[in-house]
Amino acid sequence: YTKLAVTLFILTFLEVAAYDVVEKHQPAALATMLEPIVVEVLLGLSAIKFFLVAMFYMHLKTDGRLLQSIFGFSLLLAAVIVTGLMIIFAYQYFHAPTANPLK
């Protein structure tokens, strides 16, 4: 559990550091590179943390293959839905016409 706690601490530190670099724009080169993808980086790190917590602290690692499969499929389905929604909203924000068609 100590190795897992240290790993979760490092992942949390990376999340906070990524946000802090973009928010304070220091160092400038790293902030410029990280700014367009900071949301995806934060979502990826939090997904890794969620997976680790679910596997070890919720004892899914030692459960049967059926329960692992059900949990894994549900997690994959949720990830696909969230990714799809992010793509739809990004398209709407950047490419969809902004004029109100009802006026």
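Which helix holds Phe-89? Phe-89 lies in helix α4, residues 65–94 (helices are DSSP runs of H or I with at least four residues, numbered from the N terminus). The model shown is predicted, so local features need pLDDT of at least 70 and side-chain atom pairs count only at pLDDT 80 or more, while totals for chains, interfaces and linings use all residues. Residues are numbered from 1 along each chain as its sequence is written, and side-chain values use heavy atoms, with hydrogens and water left out.

View A. Phe-73, Leu-77, Ile-81, Leu-85, Ile-88 and Phe-89 make a nonpolar surface patch of about 630 Å². Patch residues have over 30% relative accessible area and no salt bridge, and nonpolar side chains (Val, Leu, Ile, Met, Phe, Trp, Tyr) are joined within 5 Å. Areas come from the Shrake-Rupley method with a 1.4 Å probe, and for residues only the protein chains shown count as cover. Phe-89 has a relative accessible area of 54% and is exposed (buried is under 20%, exposed over 50%, partly exposed in between).

**View B. Salt bridge between Glu-15 and Lys-49.** The side chains of Glu-15 and Lys-49 form a salt bridge at 3.0 Å, N to O (a side-chain nitrogen of Lys or Arg within 4 Å of a carboxyl oxygen of Asp or Glu). This pair links distant parts of the chain, with Glu-15 in helix α1 and Lys-49 in helix α3, 34 residues apart. Both Glu-15 and Lys-49 are buried.

**View C. Salt bridge between Asp-20 and Lys-24.** By the same rule the count is 2 salt bridges, and Asp-20 and Lys-24 meet in one of them at 3.7 Å, N to O. Asp-20 and Lys-24 are separated by about one helical turn because they stand 4 residues apart in helix α1. Asp-20 is partly exposed at 34% relative accessible area, whereas Lys-24 is exposed at 56%.

**View D. Loop between α1 and α2.** Most residues other than glycine have a negative phi, and most peptide bonds are trans. His-25, not a glycine, has a positive phi of about 55°. His-25 sits in the loop between α1 and α2 and is partly exposed, at 34% relative accessibility. Gln-26 and Pro-27 are joined by a cis peptide bond with omega about -10°. Pro-27 is placed in the loop between α1 (2–24) and α2 (28–34).

View E. Phe-51 belongs to helix α3 and is partly exposed at 41% relative accessibility.

Conventions: Patch = residues over 30% accessible without salt bridge, like charges linked within 9 Å, V, L, I, M, F, W, Y side chains within 5 Å. Helix = DSSP H or I, 4+ residues; strand = E, 2+ residues; numbered from the N terminus. Buried < 20%, exposed > 50% of the residue type's maximum accessible area, 1.4 Å probe, protein only.
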